[in-house]
Amino acid sequence: QVRLVESGGGLVQPGGSLRLSCEPRTFNPYVISWFRQAPGNKREFVARVSQNGGSTYYADFVEGRFTISRDSAQNTAYLQMNNLKPEDTAVYYCAAGNVISTDRSLYGYWGQGTQVTVSS
């Protein structure tokens, strides 16, 4: 059974940092991406990383604050989020697929989601 195991969410003050982890169990996907969904909003693309970690891409709103990476030895992807803002509050989802895309419909595997709350 394919699973994506996420961890690392939590409550942080504005300007703080969090690191999310995504571990695909039983397979090594071509692309791993992070999406997020705030209450009342659609799920939106945040960042993606290729299988060897050499290619990354970010949504415009990241503005250099987030870094996505991939540890091939651990088969784990990370999303380091710095200078967090209240508008970053959302459930963050890890997704895996075989197509390089920002379109969530093209990702066949999803994690359970982890809550990130940015508040003072």
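**Exercise 1.** Determine why the radius of gyration of the protein chain agrees with that of a compact globule.

*Solution.* First, take the radius over C-alpha atoms and apply the globule rule, 2.2 Å times the number of residues to the power 0.38. For 120 residues, the rule places a compact globule near 14 Å; the chain has 13 Å, and therefore agrees. Next, consider the extent: the C-alpha trace spans about 40 × 30 × 25 Å along its principal axes.

The model is predicted, so that local features need pLDDT of at least 70 and side-chain atom pairs pLDDT 80 or more, whereas totals for chains, interfaces and linings use all residues. Residues are numbered from 1 along each chain as its sequence is written, and side-chain values use heavy atoms, without hydrogens and water.

**Exercise 2.** State what percentage of the residues is buried.

*Solution.* Apply the criterion for buried, under 20% relative accessible area (1.4 Å probe, protein chains only). Of the 120 residues, 42% are buried.

**Exercise 3.** Identify the strands that pair with E3.

*Solution.* Begin with the inventory: the chain has eleven strands and zero helices, where strands are DSSP runs of E with at least two residues and helices runs of H or I with at least four, numbered from the N terminus. Then apply the pairing rule, at least two DSSP bridges between two strands. E3 (residues 18–25) is joined by five bridges to the antiparallel strand E1 (residues 3–7); in this pair, Arg3 faces Arg25 of E3. Five bridges also connect E3 with E8 (residues 76–81), again antiparallel. Here Leu20 stands opposite Leu79 in E8.

Notes. Buried < 20%, exposed > 50% of the residue type's maximum accessible area, 1.4 Å probe, protein only.
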